[in-house]
Structures are given as C-alpha cells and as structure tokens.
Amino acid sequence: MPPITDTTFKAQEGGMKKTPDPFTRRSFFTSVGAGLHGAALLHLFGRDSFANEPRVATDLRARPTHFSAKAKSVIQLFMNGGPSQMDLFDPKTELDRHHGEAYFNKIAGEVENVADAGALMRSPFKFAKHGECGMSVSNALPHLTKHVDDIALIRSLFTTNITHEPALYIIQSGHMPSGYPTLGSWVVYGLGCECQNLPAYVVLDDPLGLPINGVENWHAGFLPPTFQGTRFRSTGSPVLNLRPETADPPEIARLQRDLLNRLDRLHQRQRPSQPNLDARIASYELAARMQMSATDALDLSQETRQTQELYGIGREPTDSYGRRCLIARRLVERGVRFVQLFINAQIWDNHTGLATDMKAACDRTDLPIAGLFFDLKQRGLLDETLLIWGGEFGRLPIAQLPKDKDERKAGRDHNKNAACCWLAGGGVKGGTTYGSTDDLGFAAVEKRVSVPDWHATILHLLGMHHEDLFVNEHGLKEKLTGVQPARVVREILA
Amino acid sequence: MKRWPLVLLLSAVIGRGEVRLIDKATAQEKPAVTVPVSIFEKDIRPVLQAKCGRCHGEDVRKGELALHTPAGIRKGSESGPILVPGQSEKSRLYEMVRDGEMPPDKKNPLTKAEVEIIRRWIDGGARFENETATKPEITQHDIVPILLLRCTACHGRQKREGELDLRTRAAMLRGGKSGPAFVSGKPDESLILKRLQREEMPPRQRLVEAMVKPMEATEIEKLTRWIALGAPEVADEPDVAGTPADPLVSAEDREFWSFQRPQKVTVPDVAHAARVRNPVDAFVLQKLAEKGLSLSPEADRLTLLRRAAFDLTGLPPEPAEAAAFLADADPRAYEKLIDRLLASPRYGERWGRHWLDVAGYADCEGRREQHLPRPSVWRYRDYVIRSFNADKPYDRFLQEQLAGDELADYEHAPEITQEMEDNLVATAFLRMAPDPTWANLTGFVPDRLEVMADSMDVLGSGVMGLTFKCARCHSHKFDPIPQRDYYRLVAIFKGAYDEHDWLKPQLIGYGGALSASFGERYSPHVTTAERQRIDEHNAAIQRDIDTRKGGPQTPATAKQINELNAKRLPESRLFTLWDRGEPSPTYIYRRGDYQNSGTLVAPGPPAVLADRETTFEIVPPWPDTKSTGRRLAFARWLTQPNSSAGGLTARVMVNRIWKHHFGQGLVKSVGNFGKTGDRPSHPELLDWLAQEFVRQRWSLKEMHRLMMTSSVYRQGGQRGREGEGERGRNTNNAADDPSPSPPLPPDADNRLLSRMPLRRMEAELLRDSLLLVAGQLDETRFGPGDAVTVRPDGLVLSGKRRSVYVQQLRKHPASLLESFDLPAMNPNCLQRAESLVAPQALHLMNDATVRELARQFADRVQREAGDDSARQVQRAYWIALTRPPSDEELTNCLQTLTSLTEQWTKQVSAAEASRKALATLCHTIMNSASFLYVD
C-alpha cells in the first residue's frame with residue numbers, strides 16, 4: 001500500500017498544499033454533512049481517485065463495495081456473557097475422562113475468580129452429529145441442528161481479555177480501549193444504506209435491560225455519529241422522540257411543518273452555497289418519513305400467525321427474542337444494512353448453574369434463531385443476509401463452584417483462549433467446522449482465528465477489504481482490524 | 001530459464017510424496033558445510049555501512065538502531081534484537097533486507113548477493129571476529145522489570161511481605177525472613193527460584209488481590225540464567241535527554257516548521273489599508289490579495305452582537321442588551337461590548353468548556369459496566385471556569401495543571417491556602433482519562449499503562465500538538481519522536497503515575513491486607529478554611545447531640561439524633577495527582593509490550609524540542625520532600641518563552657482560540673502540528689500571534705480582544721456584490737435569482753478567510769439557549785454536577801442549569817446534548833463533530849422537554865408583548881434571534897398564527913387557542929435554522 005501521506009513536501013511559507021492532500025478533502029466532507037450537495041460534490045471529486053484513501057463519507061447513501069459480494073446486510077445475534085463452547089459446539093471426550101482432576105494451577109493466571117476455581121468438569125450436555133455435514137451440536141440447541149448445513153462453525157476463536165467490558169470492546173470494535181467504532185459502524189460507514197427512511201444500523205436491545213457497556217456496544221467512536229447504531233425498542237415507540245408524547249392534531253402539525261419549511265428556505269436563500277442548510281431541511285423531511293417507516297417496520301401484526309409461531313412469538317420463553325428476530329427480518333427486508341440483537345443482562349455468563357441456566361439461555365434463543373433461518377430461507381433472503389452468532393469470549397474447562405461449593409450448581413468461568421462463533425447466509429460455506437481447541441477445550445490450537453480475523457472475514461463477506469476501510473485519525477490510519485495483520489478465513493467462504 | 005530446475009524439483013517432490021525426498025530438497029537449500037561463511041569485517045560491515053549507514057550509524061540512529069559496531073548490532077533496535085545467530089529466518093535484520101522493507105526509500109536496495117551474504121553470515125553463527133565481549137548477556141536491567149511486574153507488589157516499596165524487597169540486586173541479596181533471595185552463581189540453592197518453580201509465588205489464590213500474573217516460563221529461565229552467571233550488574237547510565245546532537249533526531253528533523261521557534265515577522269503593508277484595524281487584518285488581507293480577493297463587507301451590528309455573545313458567553317444577548325448596543329453612538333461601542341462580554345462570569349463557563357474538552361472532563365471513570373463516580377472532580381471544572389474568568393496567564397494555568405503539587409509547599413504549610421488547594425485541584429487535568437483500575441480485573445499493569453497512555457495522549461495532542469501516542473510502540477513513523485522520547489516523557493510523570501506503585505481511583509472490592517499496597521488518589525489538602533468550616537459545622541451538631549443525649553431518652557430523641565447525624569458534612573477530599581517520590585525505573589517497552597523491556601531511560605523532554613538555551617533541570621521543589629520535581633521542570637520547560645517548546649505551546653493555544661472564533665484553526669488539525677497534520681494557512685500570522693500571546697503575558701482575554709476587534713472577525717458571512725450590503729436581509733434579491741448552482745467560488749473552503757463561516761451551535765449552546773429563551777435557565781454557578789435522570793426508555797433528562805454544570809456521565813450523556821454531538825471523552829476531544837441527522841429533528845420537534853420550553857417561551861412572549869400578534873412575532877424574534885423578522889418572515893408567521901388559532905378554536909377556548917398557537921410558533925422558531933446557526 002502506498003504511503004497515505006506525502007512526506008516529500010516541505011513547509012512552504014504560506015504554502016497550502018492543494019493536491020494530493022487527503023486531509024483537506026476529508027475535513028471538507030466532515031463539514032459538508034449529509035446533504036444532496038454533499039453527494040454532488042462527492043461525485044465531482046471522483047470516487048476512483050479515492051482508491052487508497054479513506055472513504056470520506058458522512059452520509060448514509062449506499063456506496064459501492066470494494067469487490068462484489070453476496071451478502072447485503074448483516075444480522076448480528078450477539079450472545080453477551082460468553083457462551084460455553086464445550087457445552088454447545090465443541091465436544092471434548094478428554095474432558096469426560098479427566099472429569100474431577102485438578103487443573104487450576106496450570107492455568108491460574110487465566111482465571112478470573114480464583115477463589116471459586118474447581119476441578120476439570122465434563123459437559124452436562126450430550127452431543128450428536130447433525131445434518132449432511134455431520135456437525136456436532138449439543139442437545140442444548142435442538143432447533144438449530146436443523147440448519148447446520150447452512151452454518152460455518154468456528155471453534156478456534158480467541159480474544160485477549162477475560163473481563164466482560166474490555167472483551168466486549170474487543171469483539172465489538174476490535175480494540176480493547178473504548179472509543180473505537182464498532183463493527184456495525186464500520187459497515188455502514190463503508191457501505192451506506194439502501195434504505196433512506198430507516199436508520200442504516202439498527203440495534204434491537206432487550207426491553208428487560210441493556211447489555212454490559214450499554215450504548216458503547218454500538219457507538220461510532222471517532223466516526224461521525226451518523227454511523228452509530230440507533231436503538232429500536234421492540235415495544236412502544238421504536239425510536240426516542242419518534243412522536244411527541246402528546247401529539248398535536250394533524251392539521252396543526254402540518255401548519256407547523258409548512259411554516260418551518262418556509263422560514264428555513266428564506267434563511268437558506270440568503271445564504272447560498274451553504275450545503276448544510278439544504279441538508280438540514282432534508283433531515284426534517286427524513287424525520288417525517290421515518291415516523292411512518294419505523295412504525296411500519298415494527299408492526300408485527302402484519303405477519304401471519306404461522307410466521308409468528310415460527311419465531312416462538314406468543315409463548316414463553318421465546319416471545320421476546322422471537323419478536324426481535326422477526327423485526328430483524330423485516331428490517332433487512334427493507335434494506336437496513338446492519339441489525340444487532342441483544343439479550344438483557346448476560347444470560348450466557350454461566351458462572352454457576354451451567355446445566356440449568358445455560359439451558360435456559362438456549363431455550364430463549366434457539367427456536368427464534370431457527371425460525372429466522374427458516375423464514376429468511378423461504379423468502380430467498382438468506383443468500384443476501386449474513387447471520388453472525390457469538391459472544392465476547394468462551395469458558396474454561398474447569399468448574400466454577402458457587403460459594404456453598406455445591407457441585408450440582410457448578411458453572412464455568414471466563415476464558416479468552418477459546419470460543420465458538422458461527423456465520424451463515426450470504427457467501428458462507430455452510431456445513432463447515434473450522435479450527436480446533438486442545439483436548440480439554442482450554443485454548444484454540446489449530447487454525448486459530450483472532451477477533452481481527454473474524455472481523456476481516458465479515459467485512460470480506462460484505463465485499464470490503466479490511467485494509468482498505470480506514471480513516472485517518474490523529475495521524476494514524478485507523479482500521480477495524482487494527483495494526484496487526486488480519487486474515488480472512490477463506491476456508492469458510494462459499 | 002532459471003526457474004526450471006526448481007519447478008522440476010518441486011514436481012518431483014510432490015510426485016513421490018516421500019519424506020526422504022523432502023529432506024533432500026531442504027538439504028539442498030541449506031548451505032553445505034563447504035560453502036564459505038561470510039566474514040563480518042570483510043563482507044558484512046561494508047554492506048551495512050553503504051546501505052544502512054545513513055539512518056543507522058553513529059550519528060543517526062533511527063529506531064535506536066546503530067549498525068556501525070558489533071555492540072550496536074547485538075543490541076538491536078527499539079523493537080528488540082535483530083539477530084538470532086544461526087537462524088536467519090528468525091532474524092529481523094535478514095527479514096528486512098530480504099523482503100525489501102529496508103532500506104525504505106527503495107532507491108538503493110541491497111543486491112541479491114548482498115542479501116545472501118548476510119544470510120550466510122547469520123546462519124554461520126553471526127560471529128564478530130575482533131569483538132572482545134564486554135557486556136554480559138544478561139544484566140540486572142533484564143531482571144528488574146520482571147521483578148517489578150511479578151513480585152514487588154508484595155515485596156517492594158509499599159509492602160514487604162516476609163521483610164523481603166526485590167527491587168534491586170542488593171536488596172535481593174539482603175533477603176527477607178527466610179534468607180537471601182538468591183545465591184549468586186547457584187540457581188539450585190536460590191530461594192526465589194524454588195518458590196517460583198513450585199508455583200508457590202506469586203500465591204495463586206491471591207493473584208487478583210495483588211493484581212499480578214504468575215511469572216512466565218521464559219522469565220523464570222532468564223532469572224535462572226542471570227543467577228547462574230553470578231547476577232551481573234552493570235553501571236548503565238540511564239539514557240538522558242537534551243544533548244543537541246541527538247543521534248535519534250537529526251538537524252534536518254528539527255527544521256520542520258512547528259519545531260522551530262516562532263519567527264520574527266513584520267506586519268505586511270497591504271492594499272486595502274482601510275480595512276486594517278489591527279495586524280491580524282494585515283496578514284489575512286495580504287493572503288487574500290495574492291488571490292485577488294478581499295474581506296467580505298462588514299456584518300451589521302446585530303449580527304456582530306449575536307456572534308460575539310455566543311463566542312464569549314455561549315448565550316444569545318437579551319433584547320434590552322441589543323437595544324442598548326444599537327443605541328450606543330460611541331465609535332468604540334463594539335470594543336466596549338467585547339469588554340463587557342469578557343467581564344461576564346458566563347465567559348469562563350463558555351471557554352472553560354472548551355478546555356474541559358481538551359482535558360476530557362467527566363464526572364465518572366469509564367471502561368467498566370459500573371462507571372465509578374468521581375465525587376469531587378467538579379472542583380477541577382470550577383477551577384477551570386474560575387481560571388478563565390480571572391484571565392489566568394496560560395503559562396501559569398499549564399504549570400498548575402501539570403505540576404501544581406510542586407508549585408507551593410503544602411506539605412509543611414501551617415495553613416492550606418486557596419492557592420495551594422487550586423494547585424492541587426488543577427493536577428486533576430492529568431487524571432481525566434477513563435480509568436477502570438479500581439476494579440479487580442481491570443487493574444493490572446497493562447490496564448494501568450492504558451490509563452497512563454491516555455493521559456500522555458491528552459497532554460501530547462491537547463497541549464503540545466503532537467501525536468505522541470504513536471511513539472508508545474515504535475518510533476513515530478512521520479515525526480521525529482523516537483520511542484525513547486515517549487518513555488522519557490512517561491518517566492517525567494513516574495513520580496505520580498507509576499504502573500508498579502499504583503494509586504487506584506478508589507479502594508473497593510478486596511479490602512484485605514494486600515490491598516494496602518495500593519493507595520487512593522484523593523488528597524485531604526482542602527483549604528484550612530474549608531476544613532475549619534466543616535469541623536465547626538460538625539462540632540455544632542455534636543454539641544446538639546450531646547445535649548439531647550443528656551436529656552430523657554425517648555423514641556423522639558433517638559429520631560432527632562439520627563436526623564442530626566445525617567446533617568454531618570463528610571470530610572472533603574480533592575481528586576488530584578501528586579508526586580509520591582521514589583518512582584520505579586522507566587524502561588522502554590519494546591513494541592509497547594510491557595513484558596518486553598528494553599533500555600533504561602531517564603526523565604527528559606522530547607529531543608526534537610530540546611535546545612541549548614532552554615534548561616530542563618530537575619530539582620526537588622522544596623527541602624524535606626519526596627517530590628522529585630520532574631513535572632515542575634517539565635512544566636517550566638514547556639512554557640519557557642523564546643524556546644522551541646514554548647513556541648509550540650503558544651502556537652497550539654492561539655490556534656485553538658482562533659479555531660473557536662473562526663470555525664477552523666490556522667492549523668486545521670488542532671491536535672497535530674506534526675508532518676501528518678495540516679500546514680498553517682497563515683504561518684506568519686500564527687507566529688505573530690504566538691509571540692503576541694507571550695508578550696501579553698499569555699493572556700487569553702487579550703487574544704480575544706485582538707481577534708474579535710479585527711476586520712476579519714467583523715466581516716459578514718456572505719460575499720457581497722459590488723456596492724451592495726452583504727446581507728440584504730430585508731430584500732428578496734437572492735430569492736428571486738433562480739440561477740443554477742454556481743461553480744465553486746474562490747476560497748470555497750474559506751481557508752483564506754474571505755468571509756465569516758456560518759456555524760451551527762454546539763450542543764451546550766443549543767440547550768442553554770433554549771432554556772434562556774424560555775426564561776428557564778438557572779444560572780447557579782459551581783458545585784457538584786447537576787444530576788441527570790435516566791428514563792427507562794433511555795432518554796436522559798437534564799435540569800435547568802447551564803450545560804457545563806450538568807453531570808457528565810460517560811454512559812448517560814443528556815440526550816439533547818448527545819444528539820447534537822456532545823463528545824464521548826475517550827480520552828478527550830479536540831475537534832467536535834458536527835453531524836446532521838434526522839434524530840436531531842425528531843428531538844427538537846417531539847421531545848417533551850423542548851415542547852415544554854416552547855410553551856414557556858410563548859408565555860414569556862405573551863407577557864412581554866401583550867396580545868397583538870404582530871408584536872408577539874416581533875418580540876419572539878428579538879428574544880430568540882436578536883433581530884426583528886423580515887417582512888416576509890413576519891407575513892408567514894402571522895398567517896400561520898392565524899391558521900393555527902383557527903384550528904385550535906375548534907377544540908379549545910379562544911384564549912387557550914391563541915396561547916397554543918403562539919406556543920407552536922415559538923416551537924417552530926426554536927426549530928428554525930436561524931436559531932440553530934450563528935452567522
């Protein structure tokens with residue numbers, strides 16, 4: 001890659017370098033905003049000359065990919081808390097054999113709650129092979145097993161921190177400190193959005209509460225705030241302030257809109273060549289359209305009873321997550337680029353009660369996800385939708401015991417060295433099982449996949465090369481995948 | 001043709017798939033025993049000298065690598081060793097030349113033969129024929145960093161479990177209760193190794209409490225080897241700074257504009273002399289004239305009033321103020337206005353907020369789910385606001401924030417004065433980075449280093465205009481900042497920021513014996529006056545309680561005593577930073593990796609800014625103190641007039657002031673004056689301003705006066721046509737002209753300042769203005785942050801105080817502020833974003849608080865203007881927009897007002913209908929571009 005900065009030019013007396021100076025151009029766009037003028041000027045500068053420069057976008061219009069790709073949108077099924085790999089997707093017969101043996105001292109530096117650390121613990125769940133591909137999945141996920149032939153499973157993911165907050169920053173943004181753009185922000189920064197009446201990046205959080213790190217799970221870091229996730233609530237008004245709490249009669253609202261529009265146009269006419277003012281008028285028009293389309297997208301009564309049942313809507317424990325899965329389908333159908341689903345608290349953080357609590361987490365999500373698979377497939381949407389599933393880390397092969405040391409209530413502590421995740425849909429080679437962990441499932445050993453690798457692969461599936469998606473920030477070329485080289489896991493691509 | 005044999009060979013290998021064959025093939029690739037091994041003096045030295053010597057020789061040592069001596073080659077670079085004798089494939093030196101990565105300019109690469117010679121030399125053992133080895137392969141400098149990392153939390157300065165101190169070789173030999181830590185030359189008999197090998201130390205169950213990780217196998221190996229060698233110790237002087245002929249920074253490097261002292265410049269004579277009010281105009285007009293341009297016509301008085309009021313106070317002027325200003329016939333009316341605004345206490349609130357962005361102010365820590373509150377951090381916010389209002393000289397302001405604890409002896413003072421307290425409060429500047437180290441699992445050394453790196457970043461980008469953080473892992477790629485200089489800077493702060501002797505934001509979680517090795521970063525040194533006030537208050541309560549206890553005991557008395565107890569004031573503490581003395585040694589972390597220590601460095605300023613005349617002398621600030629005086633030396637160095645460093649400091653600050661007045665800095669990248677930053681649009685002006693700033697004793701208010709009374713500042717926002725006033729607000733010329741969008745006009749990006757830019761209100765300006773216009777702004781100043789309320793749906797509500805006093809929670813920014821780009825402080829913000837998105841419209845149109853403010857605005861209009869619609873519209877415009885409506889605006893507003901009243905009359909009483917209609921009108925004005933944008 002050629003250097004992004006021309007290091008040869010000298011500080012001239014009063015010299016303003018005209019070309020080629022990416023910084024000037026970039027700051028120009030940050031000042032232009034989201035208006036039509038922005039689009040026209042973007043065109044004026046000519047896209048092609050940007051080949052090795054950051055995508056200098058501040059708006060959400062759809063932009064071309066780096067290369068052609070099948071997947072157009074992403075549904076991220078985020079499993080906050082850290083699902084246990086050896087109880088879901090990574091069977092370990094050696095763990096059965098060594099059940100009860102001491103192991104703590106060998107991994108002491110990797111254990112969060114040292115006081116509760118117990119011996120090696122076999123999985124309380126039973127594994128079987130499923131689908132034509134024969135993928136091993138435990139009996140905790142009976143519904144997902146029907147779709148394994150569409151799934152590429154990665155058993156060798158690893159991360160670099162064992163604490164939720166930093167590990168979440170890493171998996172969401174590729175960086176351990178907070179303040180970096182999240183995956184979804186990078187995706188909409190790179191690709192914009194097909195649909196202008198809805199936010200490009202929608203977050204469906206659980207009405208029961210925000211995940212750990214809250215809104216930082218979908219913030220845009222140093223990218224313009226336009227690219228941060230917009231929370232859609234699955235009950236009540238989907239977006240904050242979408243409508244006034246006590247609405248005026250329609251005729252009043254119309255009169256107000258008209259007056260505002262006339263006043264703003266008068267203001268704008270006296271200040272020609274201020275694209276921001278056009279853009280601002282447009283943003284009020286978009287806001288009005290969003291009132292209609294957001295409400296429409298979230299109106300599940302438009303779906304048949306049969307479809308609703310597919311997602312487990314109307315019964316427990318699947319109703320809540322099922323609704324979010326169905327909304328996700330309706331959003332990608334309407335062209336939303338990135339949809340991120342959360343569950344309240346950390347239902348996968350099974351420090352204790354592995355057999356019961358993790359099963360409960362599976363029961364809340366398994367059927368809705370299977371329903372989403374089926375529904376996307378029957379509508380022909382799975383080919384252009386990328387489903388990604390996973391949490392912020394995996395769990396340890398040793399037991400974590402509750403304070404009363406009751407072994408029946410044992411769980412597992414955090415583990416940064418191994419985790420499972422999967423991808424499915426557009427461009428993914430279904431039925432693949434990739435990478436492996438050691439005999440006990442403590443660490444990924446073969447075909448290890450780092451978080452930047454995982455991110456690079458997702459960007460690739462969307463038609464972007466991770467090295468070419470960057471911005472210049474404080475003199476650094478900032479990328480989702482950071483400074484260390486990242487690898488696209490080509491073996492799982494169709 | 002050359003490729004043929006290889007292809008044939010490969011196909012043969014693959015074809016047979018025999019292990020034996022592959023062996024044969026590899027054997028052919030390896031040099032046979034008979035191949036001559038390269039000789040260093042004869043074969044290697046000339047190549048290195050010719051191809052690498054320019055950057056890695058005696059005089060220039062890029063990346064700290066010197067290839068002119070065997071010792072230099074053995075030592076390696078800042079990233080670590082470059083040779084693995086016998087293994088070329090693992091040697092960085094070979095990798096770099098083989099892959100063509102070095103030399104980087106590609107002009108004079110090594111030939112294939114030269115690369116091959118180097119490979120053979122390394123594979124042959126990389127021998128230096130004439131070298132007389134002097135330095136032992138492992139010294140205490142390889143061992144000390146490991147012990148600091150793994151052991152000294154319990155066997156060091158703060159805590160000596162088993163009476164053992166492992167910080168130096170001598171202390172190790174002195175040993176603890178069980179005897180010396182090691183026996184020189186005898187690993188088998190060394191206690192420390194036994195304990196380590198048996199996994200007894202560090203105690204596995206207490207790792208989290210002590211916040212250490214077990215020693216790694218390679219580290220134990222190194223320690224074993226060191227002991228076996230007799231624990232060699234070398235008298236390495238730490239790498240000190242300041243020699244002008246620094247091999248890591250060349251004379252050419254120093255020539256870059258921002259590292260030069262501001263140049264003496266003469267104010268140019270220019271053509272449009274009539275518009276030259278002060279030198280600022282002359283410099284700007286000169287550049288404009290070069291392009292055949294000039295300034296735009298002067299803006300009208302009301303525009304100027306509004307612009308100046310927002311710039312200096314962050315609030316719109318009241319209609320009465322506008323009337324008085326319009327009526328003032330004094331030719332110096334405008335200058336007097338600027339003086340009035342500068343004297344307003346609102347000034348410090350407006351400009352203090354700019355500085356709080358630089359510092360990254362927040363009322364809580366971050367990076368954890370639970371955002372730990374910083375209970376008394378508001379004192380820093382108040383300190384900043386007061387400092388701006390008092391026009392504290394910027395050099396002093398910086399010295400207080402970087403080294404306030406070393407400015408005046410508070411340790412031995414009989415009385416803590418307000419100045420001493422301010423000094424201590426000011427250092428919270430260095431504590432603003434989000435810090436998760438109070439929690440058990442995010443308080444380890446790497447977490448602490450992140451906090452320190454953030455603080456260095458705030459200092460580097462905010463104060464020095466340099467992207468220092470890049471040099472944390474390797475020498476700066478573009479600027480002459482060697483990695484060593486980053487760690488020298490770190491060493492300056494080590495007395496207060498020591499990753500091996502850490503003060504936590506708060507001691508919670510483990511309260512056991514071990515946590516005593518951590519302290520808290522709160523100081524008890526509030527003013528004696530405040531302490532006495534609290535003591536007296538509490539003593540009075542105590543007397544009351546004692547009286548009640550003396551009387552008959554009833555349930556009522558018990559209740560009264562409880563209530564009295566609740567009224568006791570807690571002990572006041574300051575959130576601050578101070579030098580604690582005895583800092584750990586500072587080693588370079590190769591590639592930024594805390595487990596990979598390199599050279600020992602001493603505190604010192606960056607070499608590129610060091611010059612002969614500017615002293616950097618470290619002396620303890622007063623007798624009988626632990627304080628090292630390092631930061632004080634640095635703060636003085638940084639603010640030394642007529643030095644490279646002081647020049648940069650002044651430039652960065654005047655550029656920031658300029659940016660806030662003119663929309664963009666003379667150097668656009670306000671936090672990056674390095675090579676990847678922007679060049680100044682007006683270099684002479686910048687230098688002139690920087691020198692004028694120092695001449696005016698670093699007074700900000702003088703800088704505001706200078707900039708704001710210039711013609712440049714007073715020009716209009718639209719370039720006028722010949723003979724026409726710039727604005728034509730009451731004409732419809734522009735509206736009637738349907739010409740297609742014109743080509744980009746000259747100076748489209750306004751770098752030459754041919755007009756004043758239209759600026760959108762920052763988040764705080766918008767919120768504060770909405771409150772003020774509605775007559776609801778609570779101007780109570782200072783004190784703890786005004787708490788926000790988080791609604792279950794996520795909306796964060798704030799009260800009625802100015803935004804600078806609203807509690808700044810990282811996770812729960814007030815929604816209105818967040819919508820309009822209130823920055824998340826990670827760790828700070830030098831340039832606010834200006835987004836333009838639909839949710840902003842939704843917020844201003846639909847938010848219940850905004851709608852309520854609109855109703856209150858309408859009530860105010862009604863109170864002040866009576867029932868006449870035209871007067872109401874006029875009044876609303878004066879209040880919200882500091883001007884009368886144009887005829888067209890008035891007509892539109894009146895028509896709509898009539899229609900709105902008609903509509904409402906269908907549903908409510910006539911009085912109520914006109915009230916509601918007016919509220920809608922006021923709400924529309926609050927949503928209008930005229931309100932949100934400042935001309």
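This is a predicted model: local features need pLDDT of at least 70, side-chain atom pairs count only at pLDDT 80 or more; totals for chains, interfaces and linings use all residues.
1. The strands concerned are E1 (residues 73–78) of chain A and E8(A), and they run parallel, paired over four bridges.

2. Val339(A) also has Val202(A) opposite. That comes from E6 (residues 201–204) of chain A, a strand that pairs with E8(A) in the parallel sense, again over four bridges.

3. E8 itself (residues 338–341 of chain A) is covered on both faces. Phe338(A) and Gln340(A) are buried on one side, while Val339(A) and Leu341(A) are buried on the other.

4. Leaving out residues up to four places away in sequence, Ala328(A) touches Ile75(A), Leu204(A), Val339(A), Leu341(A) and Leu372(A).

5. Now the wider packing. The largest nonpolar core has 359 residues, and the members touching the most others are Val188(A), Ala328(A), Val339(A), Cys922(B) and Met926(B). The top contributor is helix H10 (residues 354–378) of chain A, which puts in 10 residues. Apart from this core there is another, of 19 residues, including Cys52(B), Tyr94(B), Ile118(B) and Ala126(B).

6. Finally, the interface: 74 residues of chain A are in contact with 81 of chain B. On the chain B side, the elements giving two or more residues include helices H21 (445–464), H34 (848–865), H36 (887–905) and H37 (910–927) of chain B. Sorted by class, that side of chain B has 31 polar, 27 nonpolar and 23 charged residues.

Terms used
Residues are numbered from 1 along each chain as its sequence is written. Chains are lettered from A and ligands numbered from 1 in the order in which they are written. A nonpolar core is a set of buried Ala, Val, Leu, Ile, Met, Phe, Trp, Tyr and Cys residues joined through C-beta atoms within 7 Å. A residue is buried if 20 or more other C-beta atoms lie within 10 Å of its own, exposed if 12 or fewer, and partly exposed in between; C-beta atoms are placed from the backbone. Two residues are in contact if their C-beta atoms, placed from the backbone, lie within 7 Å. Two strands pair if DSSP finds at least two bridges between them. Ala, Val, Leu, Ile, Met, Phe, Trp, Tyr, Cys and Pro count as nonpolar, Asp, Glu, Lys and Arg as charged, and the others, Gly among them, as polar.
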